[in-house]
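This briefing covers selected local features of one protein model.

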Amino acid sequence: MKIVKSDLLTVAVKPDQYPDISEKEIAFTGRSNVGKSSLLNLITGRKKLARISSSPGKTRTINFYEVNDSFRIVDLPGYGYAKVSKGVTDNWGEMMEAYLSNRPNLVKVVQLVDIRHEPTAQDIQMYDYLRYYGLDGIVVATKADKVSANEKAKAKKRIMNALGMSKEDKIFFVSALKRKGHEELLEEIEKILEE
Ligand SMILES: Nc1nc2c(ncn2[C@@H]2O[C@H](COP(=O)(O)OP(=O)(O)OP(=O)(O)O)[C@@H](O)[C@H]2O)c(=O)[nH]1
Ligand SMILES: [Mg+2]
């Protein structure tokens, strides 16, 4: 699949702001700064579709993108950003719960983890949560340009173990910087949308 068209459709913080459920949605989740917005820009081929920042906590809303006039990619707010206030953290939980627990057209959530680090407690918690809702199965290790081929193989084992991924689950290595690995991910997304 090639993404030929993509546009921001809606920005939401609560369910009554979500778009209708007429199209399937694939969401991206992960820690703040892991590279969700960068991945979105990479796969859509648009440099400035989603805002990227070196300071974590940039995306604090649920952003719905209309893709190829046929499905949506949803950029979820990142977690694990220590500097946000308690109020914001509570909000985050409510916002995520509201979306993930009650969205019939949501078919998969792609979990992003930083290839350089051991998955955090929150990464593990998030993946458990996705498993509970049957939305798990695809993980993207971001910033793959930062490690050697040897380290990559180790990272794969480490991430799969930590998240408790099964053999059927898929892990993709992507570098937004080097523009690599996204085609495989897009192929998988295409398969999921066809199911
Ligand atoms: N080297 C490298 N840096 C990356 C890559 N992807 C993202 N980054 C950098 O990581 C930082 C965070 O990227 P974002 O895409 O804004 O991350 P995010 O997950 O959307 O962050 P929040 O919106 O805060 O949740 C930026 O400085 C990016 O340039 C990558 O593949 N390689
Ligand atoms: Mg972002």
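A residue counts as exposed when its relative accessible area is over 50%, and as buried when that value is under 20%. The model is predicted. With those cut-offs, the face of helix α3 turned away from its buried side carries Ala121, Gln125 and Tyr132 as exposed residues.

**Helix α3**
- Helix α3 comprises the 12 residues 121-132; at 1.5 Å a residue these should span 16 Å, and the end C-alpha atoms are 16 Å apart, so the two values agree.
- The buried residues of α3 are Asp123, Met126, Tyr127 and Leu130.
- Viewed down the axis of α3, these buried residues fall within an arc of 95° and therefore line one face of the helix.

**Packing of α1 and α5**
- Helix α1 (residues 36-44) packs with helix α5 (residues 182-194) at an angle of about 80°, and their axes are 10 Å apart.
- Because angles of 65 to 115 degrees count as roughly perpendicular, α1 is roughly perpendicular to α5.
- On the α1 side the contact involves Leu39, Leu42 and Ile43, which meet His182, Leu185 and Leu186 of α5.
- Sorted by class, the contact between α1 and α5 has five nonpolar residues, one polar residue and no charged residues.

**Glu23**
- Glu23 sits in the loop that lies between β1 (6-12) and β2 (25-30).
- The relative accessibility of Glu23 is 17%, so Glu23 counts as buried.
- Apart from neighbours within four places in sequence, Glu23 is in contact with Glu66, Asp69, Ser70, Phe71, Arg72 and Asn105.

Methods:
Residues are numbered from 1 along each chain as its sequence is written. Chains are lettered from A and ligands numbered from 1 in the order in which they are written. This is a predicted model: local features need pLDDT of at least 70, side-chain atom pairs count only at pLDDT 80 or more; totals for chains, interfaces and linings use all residues. Side-chain values use heavy atoms; hydrogens and water are left out. Helices (H or I, at least four residues) and strands (E, at least two) are DSSP runs, numbered from the N terminus. The expected span of a helix is 1.5 Å times one less than its number of residues. Buried means under 20% relative accessible area, exposed over 50%, partly exposed in between (1.4 Å probe, protein chains only). The arc is that of the directions from the helix axis to the C-beta atoms. Axes are lines fitted to C-alpha atoms, for helices over the stretch in contact, and angles run from 0 to 180 degrees between N-to-C directions. Angles under 35 degrees count as roughly parallel, over 145 as roughly antiparallel, 65 to 115 as roughly perpendicular and the rest as oblique. Contact means heavy atoms within 4.5 Å. Ala, Val, Leu, Ile, Met, Phe, Trp, Tyr, Cys and Pro count as nonpolar, Asp, Glu, Lys and Arg as charged, and the others, Gly among them, as polar.
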